[in-house]
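Please find below a colleague's note on the model under review. The points begin with a group of charged side chains and then widen to the chain as a whole.

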Amino acid sequence: MFRKKPLAQAIAIALAGPLTVYAANDPVCIGSFPEQTEEIPDVTPPTVKLITDKMLQLKAGESLLVSVDHTTDGDEPSFFSCVDTGQLVAEADDFSQLKYTAPPYIKETQIIRWGVQISDNLGYVGGDSLLLQLLKGTAATEEGNYSADGHAQDEYGNPLVGVLLEIEGKTVVTDENGYYQIEGLEEGTYTLVASKEGYQFTPITFTVDADNPEVTLPALTAINIYEPRIVIAKDKGDKEILIMNASGEILNRISTKGFHHKEIDLATGDFNGDGSDYIVVSAKDDVALYTFDGQLINTFSIKKHKEKESDVAVGDINGDGEPEIVLAAKKGHDGSVIIYAKDGTLLDTVKLFDKKKEISIAVGDMDGDGVDEIIIGSLKTNEVIIDEVTFTAFGTTTETRNGSVRKPAKPDNGGKKTDKGNGDKKVTICHVPPGNPNAVITLTISENALPAHLEHGDTLKECNTGKAGKGKKYGANVAAGDLSGNGKDEIVVAMASKGSIIEIYTGDLQLLAAFDAFEDKKGKKGKNGVIVTTGDLNNDGKAEIIASEVKGTEIRFFDIEGHQIGDGFHIDEGKLVSLAFGKEVVDVEPVSDDSDSSTDDDSATDDSSTDDDNATDDSSTDDDSATDDSSTDDDNATDDSSTDDDNATDGSPKDDGNTTDDSPKDDGNATDDSSKGDGNTTDDSPKDDGNATDDS
């Protein structure tokens, strides 16, 4: 027993015996036990003894102090002590006294073993142990000794971070794995209430007592109360905007009589913080804001500021925590971007690009700081501008068209024009992304920034990529969204004409993917240009790309690698000229849970349902949905699927019956060629929350 042994074997020897002991938890150990490589001869093996004059019978929470007597030839012995359950503390630095404390709750009377070992650090070990009887019961303390733990997840089993859990004055928040633990509970029955923006949870009722001191609760499974909304403007037919879900089901129609649909552009944004977006419509001389049920919120004229026929985007440009409306005239402008509040107040004017350049616009948070950057794309070249850096897409320095701008100061200049310093001399470089030398890209930068770029390996010339199509100008439609789920938006650049290539870039302009969005099964490539936006369609925290050909009739969805998701859907009424993505809050009433320690994952009331279709009232499965799982309401894909009084007059609200639970806006920031993705549907298969039209 006293020969040198590996640590695990030595512990097993010291604690060995014929008695079968009860271990309520993982063993608790203190001390250290270094191993020796060689034994030293002529050494007396060490001994150790646990000594106490107390009863070896403990109630819950009681403590026992023992002395550790030992003999050894070594000058610096090491000690190691383990017990099956409870708490161990070395009361003296030399391990001469140890204190054991029984658990605060003991489910049943049990016998445990407490062992101690000594190593003389000369190659030999010794050990001793005590048997302790722990009596069933609970310690009497000011704070309870019971606890509960569990996990929070979405409908698809993904962990939910930051869920707030409340129980009789105690609050905890789930960690990155969705885990939570609530301690210090007294004996009794409790109801756990969970909350997180955008989700609905069913409360859990449970009981803790001496027989159930540590309760692991069923998973808190959330019902997503945000529904994705795809907003479409057509080129002909009735003057209206279509509100659709991700299956292509028409949920509502908003009349836009008086708007010129050839120049109409769409965006969305949550302007009052309730989680639902407003639809922002820019057409010719005016801007209008609507809820998804067709209620007109505001209109204002943009004619005097020369933004007629403007591209529109929505985002927090000045860092004040509120979304702004960003407009840039597609042509006939002075190169400025105009920023408005939702009530039409002019906040700022920023010159970002050359005069007479035809552009598209997007906004996105490229660096994850909570403030959106403006991205400009040229419709006649392939240039893209962001933060005064110009790069080119589609394999040539003359082919990209996106432009981005500085972040304007907070709106305190009364609408006067400011300048971003366009007097700086510009130079063209070949940029080599760190860690990805094969993804070189040509950039146009300020001459002041050149030394830093050269120091990192960039060269003062255009990149020779050898890509086909050099010199061909497609124009660039732009969008932005967090496709990777890392809290930073990616830039999506789509050919505006003559092709259907989409390229995806990081905020520091590394090319992540390039693919043909509308190549058919026979290999024939699209040639009409692409309108693009982004939105989280499967509720995984990552935005998807939502695309249509210019004046096309088909919507397709893609992931960050360019893989098509599902089959998309077709529009049977006219051709698409503008596209935006938003989200709408759906009213879901929580279902009370009267049973102990259980949740109801599938609860939904009213007209709403989860993707597993467990809804009541009006919802039915949809066999025409474009995604994997069908959403409800199967007759809303054509003109017949509109509401019974669908076409509201110019600015007048539509009948509430034609929408989802009367919920208003949504908080995704989508624009015509640009949007930020934050949508909220199910995995490739959006849920139908019962937001069908009167026909459903």
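1. A network of salt bridges links K234, E240 and R253. A salt bridge is counted where a side-chain nitrogen of Lys or Arg lies within 4 Å of a carboxyl oxygen of Asp or Glu. Buried denotes under 20% relative accessible area, exposed over 50%, and partly exposed the range in between (1.4 Å probe, protein chains only).

2. The basis of the model should be kept in mind: it is predicted, local features need pLDDT of at least 70, side-chain atom pairs count only at pLDDT 80 or more, and totals for chains, interfaces and linings use all residues. Residues are numbered from 1 along each chain as its sequence is written, and side-chain values use heavy atoms, with hydrogens and water left out.

3. The structure holds six salt bridges. One of them joins the side chains of R229 and E584, at 2.8 Å from N to O. This pair links distant parts of the chain, since R229 lies in strand 22 (residues 226-234) and E584 in strand 49 (residues 576-585), 355 residues apart. Helices (H or I, at least four residues) and strands (E, at least two) are DSSP runs numbered from the N terminus. Both R229 and E584 are buried. A further salt bridge brings together the side chains of R556 and E554, at 2.9 Å from N to O; these two residues are buried also. In general, side chains of opposite charge can pair when their charged atoms come close.

4. How many aromatic pairs does a search of the whole structure find? There are nine. Rings of Phe, Tyr and Trp (its six-membered ring) pair if their centres lie within 6.5 Å; planes under 30 degrees apart count as stacked, over 60 as edge-to-face and the rest as tilted. The ring centres of F391 and Y505 are 4.8 Å apart and the planes stand at 55 degrees, so this pair is tilted. Because F391 belongs to strand 36 (residues 389-392) and Y505 to strand 43 (residues 501-505), the pair ties together parts that are 114 residues apart in sequence. Both residues are buried.

5. F394 and Y474 form an edge-to-face aromatic pair, with 5.9 Å from centre to centre and 80 degrees between the planes. F394 is in the loop between strand 36 and strand 37 (399-405), and Y474 in the loop between helix 2 (450-455) and strand 41 (476-481); the pair thus links distant parts of the chain, 80 residues apart. F394 is buried at a relative accessible area of 5%, and Y474 is buried at 10%.

6. Most residues other than glycine have a negative phi. N121, although not a glycine, has a positive phi of about 60 degrees, and its place is in the loop between strand 9 (110-119) and strand 10 (125-134). L509, likewise not a glycine, has a positive phi of about 75 degrees. L509 sits in the loop between strand 43 and strand 44 (511-516) and is buried, with a relative accessible area of 5%.

7. As to the whole, the chain has two helices and 49 strands. Of its 696 residues, 54% count as buried.
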